[in-house]
Amino acid sequence: MSEELASGPKESPPAPQAEPSEMWKKGGRLLSVLLALNVLLFACTLISGAAFNKVEVYDTDVFALLTAMMLLTTLWILFYLLRTARCPDAVPYRDPHAGPIWLRGGLVLFGICTLVMDVFKTGYYSSFFGCQSAIKILHPLIQAMFVIIQTYFLWVSAKDCIHVHLDLTRCGLMFTLTTNLAIWMAAVVDESMHQAHSYSGALGNTSHTRIAPDLERVGSTVEGDSCPCNTAVCQIFQQGYFYLYPFNIEYSLFASTMLYIMWKNVGRLLASTPGHGHMPSPVNFRETFFAGPILGLLLFLLGLAVFITYEVQVSEEEGHTQQALVVYYSFNIVCLGLMTLVSLSGSVIYRFDRRVMDHHKNPTRTLDVALLMGASLGQYAISYYSIVAVAVGTPRDLLGGLDLAHALLMIAQHIFQNVFIIESLHRGPPGAEPCDNPPKEPCQGLIFANQDALHSLPACPPSPRPAGPSSAGPQEAVAIILAPRGHWRRRCLKDISLFLLLCNVILWILPAFGARPHFSSTVEVEFYGYSLWAAIVNICLPFGIFYRMHAISNLLEVYVLS
């Protein structure tokens, strides 16, 4: 004691210094984000400028920029693949949550449809090769090559946590993400202008808009329509690639989400902790009550019939638009009402679910939640604008009442579905119930070579059951403690997720393939004016379409992991 007093108070150990790599991690991310923002803003400025007749920016300028971006991105992807192939230690970890099979499968499906669209665009521009710029034919060919290489890259590398050339990799991934967003914006502007021009012509409001008919024809509009599309083959190609635009739009968004997760995983260290990552169980439809899939399939088929009827009646000149809108809004009100009730019932079931919440760090889940909430804002904006137009405007007829009910139910359905999906994504794997009297070892995952050892375990609700021994195995078979797989709550959640999935598919198909009741109905057009209402719809509706597809992906994950 005297020696300690003589020596004086001990100095506290110095605080641990952060490693230089960790100190520069945020700086490297900031550098890549600034690069992406500047490139994206420049591309958005050029694309939006080309959509207006009075701006001296032509479609050939946009095609040249997108072609150059795709070529640079393709070169970087090839460099990445060669580098990782030559250096196996470059990827010491792989994120089990990133790039699930249903997301990569959707990417491949949309990529194939994008390739078909590029074939149609090449045929369309080849129909009048003599009076068009060569960049218009070169652009779809470069895009086809870009889609093939990027799809392969994301299929094999979506789970990578790369640990070499960190800053270069971050900048490359962000530039690739920016390229996909620029392609997405160009496709959205082109498709939106095509739809808006079709409805403005039907309403006789062509003089009220400065928007060009579509991005592909801006040059010909300014120059006097020197390349008309008069042949039947040319018109088939033109209509064909317009109908395939929704798949190209979704491909770009799917690729962007996967690239963002790869960017977050650059330099990431993963610890192999038990229960951190769980493998999804095989899809088994026998574990459902079949009520959800059957009802969802009926609504899906009914929605297809409503879509076909709507498109036929709106395109006719006999004045069946009012009847088509009544049928369209009535179907949507029924569908949205059922989805709201089903989502609410799923949230109530989770109040009785004993599975623990998964609070582990998961960039994929964080991005899913952010995209769900962010994409909902587009449909919220359209719905609130419609509510104001119906509530304040006159006259108040049947169509106005249906429009108001549709807008209110759209808001409610988004809210309750988001709550259900987010809570589902944060639940632990099946069988991860907490124990009231936990033993020294976890209740889940215990393996016994002796069946008699099961009787010595403390009670843990729900009652564990041993996996039955294989007929070909030894007498002392391995038994694994698992929760009951056929529990009624689990079956109900699977039915709910399948029902919501099918309903979101049909609600994606309706606007993605041309159903625009926003322009067919005169309530909002007369209240806001065509130009303002067209701008609101063309800006917000793409986010609503993306929300449906993103919800489909998340609901599939909820179904598989329930």
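Phe 110 has a relative accessibility of 6% and therefore counts as buried, a term that means under 20% relative accessible area, with exposed over 50% and partly exposed in between (1.4 Å probe, protein chains only). The model is predicted: local features need pLDDT of at least 70, side-chain atom pairs count only at pLDDT 80 or more, and totals for chains, interfaces and linings use all residues. Residues are numbered from 1 along each chain as its sequence is written, and side-chain values use heavy atoms, leaving out hydrogens and water.

**Aromatic residues**

A pair of aromatic rings is described by the distance of the centres and the angle of the planes. Rings of Phe, Tyr and Trp (its six-membered ring) pair if their centres lie within 6.5 Å; planes under 30 degrees apart are stacked, over 60 edge-to-face, and the rest tilted. The whole structure contains 19 aromatic pairs. Two of the pairs are set out below.

| Pair | Centre to centre | Angle between planes | Type |
|---|---|---|---|
| Tyr 80 and Phe 153 | 5.2 Å | 85° | edge-to-face |
| Phe 110 and Trp 508 | 6.5 Å | 50° | tilted |

Tyr 80 belongs to helix 3 (residues 59-86) and Phe 153 to helix 5 (residues 134-157), so that pair links parts of the chain 73 residues apart. Both Tyr 80 and Phe 153 are buried. In the other pair, Phe 110 lies in helix 4 (residues 101-126) and Trp 508 in helix 14 (residues 488-512), so parts 398 residues apart in sequence are tied together. Helices (H or I, at least four residues) and strands (E, at least two) are DSSP runs, numbered from the N terminus.

Trp 508 is buried because its relative accessibility is 5%. Together with Phe 110, Phe 247, Phe 254 and Phe 513, Trp 508 forms one aromatic cluster. Not counting residues up to four places away in sequence, Trp 508 touches Pro 246, Phe 247, Glu 250, Phe 513, Ile 545, Arg 548 and Met 549; contact means heavy atoms within 4.5 Å.

Charged side chains also meet rings. The charged end of Arg 104 sits over the ring of Trp 155, 4.7 Å from the ring centre, and Lys 494 lies over the face of Tyr 559 at 4.2 Å from the ring centre. A charge sits over a ring if NZ of Lys or CZ of Arg is within 6 Å of the ring centre and within 35 degrees of the ring normal.

**The nonpolar core**

The largest nonpolar core has 136 residues, and those with the most contacts inside it include Phe 153, Trp 508 and Trp 533. Helix 17 (residues 530-561) supplies the largest share of this core, 17 residues. Such a core is a set of buried Ala, Val, Leu, Ile, Met, Phe, Trp, Tyr and Cys residues joined through side-chain atoms within 4.5 Å.

Helix 17 also holds Ser 553, which is buried because its relative accessible area is 14%. Leaving aside neighbours within four places in sequence, Ser 553 is in contact with Trp 102 and Leu 103.

**The chain as a whole**

The protein chain has 17 helices and four strands. Of its 562 residues, 52% are buried. Among contacts between residues at least 6 apart in sequence, 86% join residues at least 24 apart.

His 165 lies in the loop between strand 2 (160-161) and helix 6 (166-203). The phi angle of His 165 is near 50°, a positive value in a residue other than glycine.
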